[in-house]
Amino acid sequence: MAAAAAKPVAVRRAEELVGREMAGRDASHDAAHALRVELSALLHDVGDYKYTKNNVEDMSVVEMFLEEVGLEEGQKDEIVSIIKGMGFKNEVSKKSIADPTLEFAIVQDADRLDAIGAIGIARCFTYGGSKNSALHDPRILPRDNLSKEKCMSKEEKQTSINHFHEKLFKLKDMMKTEAGKRRAEKRHKFMEDFVAEFYEEWSGRA
């Protein structure tokens, strides 16, 4: 409970710090930039298609919130654009933002870093378990050349291990910031070692 209560305080204090320390900077790294990054990061999964009944991204709650808090139209549009374009499904189908802004790159890289490494592994199996997916089935092969439609499909039977081959192993080379690329290296290697060990144990060789 204490940690949960501390989080809003930390966010408020961070916002105060940003407003104080970044005041007067040029628009490339000013307080408005930080606000766009923060709001995009906080809101990006609110309307996630994986949790909607009709398997369609629903931005209505986010857009209503941004209207209510009174953001300038340009800020609101950029936040919505980041959220709509940052998904893996958009990039594999070449429908992501062609020339991403710094804000877009930061939010996307941060989201992808959380999808790989030890936490990424835990999240992968947690989600797979919530959907009653098998851990592994040698008869079900990873899908190649995924389209946006296949990424979003809830009809095709898949396994948690296949998710590493279809998505997670690809994220390292899709990072956009130098910091994201550096941090992804270690996490990617950890996943490779994990999956190799998984196959060894599954086959009875380990």
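# Questions on the chain

Student: Among contacts between residues at least 6 apart in sequence, what share joins residues at least 24 apart?
Tutor: This is a predicted model, in which local features need pLDDT of at least 70, side-chain atom pairs count only at pLDDT 80 or more, and totals for chains, interfaces and linings use all residues. Residues are numbered from 1 along each chain as its sequence is written, and side-chain values use heavy atoms, with hydrogens and water left out. A contact means heavy atoms within 4.5 Å. Among contacts between residues at least 6 apart, the share joining residues at least 24 apart is 63%.

Student: Where in the chain is confidence lowest, and where is it highest?
Tutor: pLDDT is the predictor's confidence in each residue, from 0 to 100. The chain has a mean of 88, and 94% of its residues reach 70 or more. Where pLDDT is low, the predicted coordinates should not be read in detail. The lowest mean, 74, belongs to helix H1 (residues 2-21), and the highest, 98, to H10.

Student: How many helices and strands does the chain have?
Tutor: Both are DSSP runs numbered from the N terminus: helices are H or I with at least four residues, strands are E with at least two. Along the sequence the pattern reads α-α-α-α-α-α-α-α-α-α. The C-alpha trace spans about 60 × 40 × 35 Å along its principal axes. The count is 10 helices and 0 strands.

Student: How far does helix H7 reach from its first C-alpha to its last?
Tutor: H7 covers residues 117-130, which is 14 residues. The expected span of a helix is 1.5 Å times one less than its number of residues. For H7 that expected value is 20 Å, and the helix comes close to it. Its reach is 20 Å.

Student: Which residues of H7 are buried, and what does H7 pack them against?
Tutor: Buried means under 20% relative accessible area, exposed over 50% and partly exposed in between, with a 1.4 Å probe and protein chains only. In H7 the buried ones are Gly117, Gly120, Ile121, Cys124, Phe125 and Gly128. Seen down the axis, they fall within an arc of 125° (taken from the directions from the helix axis to the C-beta atoms), so they line one face of the helix. They pack against helix H9 (160-166) and helix H10 (178-203).

Student: Is Phe164 buried or exposed?
Tutor: Leaving aside neighbours within four places in sequence, Phe164 is in contact with Ile121, Cys124, Phe125, Phe169, Met191, Phe194 and Val195. Its relative accessibility is 0%, so Phe164 counts as buried.

Student: What kind of aromatic pair do Phe164 and Phe194 form?
Tutor: Rings of Phe, Tyr and Trp (its six-membered ring) pair if their centres lie within 6.5 Å; planes under 30 degrees apart are stacked, over 60 edge-to-face, the rest tilted. By this rule there are 8 aromatic pairs. Phe164 sits in helix H9 and Phe194 in helix H10, 30 residues apart. With centres 6.1 Å apart and 35° between the planes, the pair is tilted.

Student: Where does His136 lie?
Tutor: At 13% relative accessibility, His136 counts as buried. Beyond residues up to four places away, His136 touches Thr159, Ile161, Phe198, Tyr199 and Trp202. Its place is in the loop between H7 and helix H8 (148-152).

Student: How far apart are the C-alpha atoms of Glu149 and Phe164?
Tutor: Glu149 is found in helix H8. It is exposed, with a relative accessible area of 53%. Along the chain, Glu149 and Phe164 are 15 residues apart, and their C-alpha atoms are separated by 18 Å.
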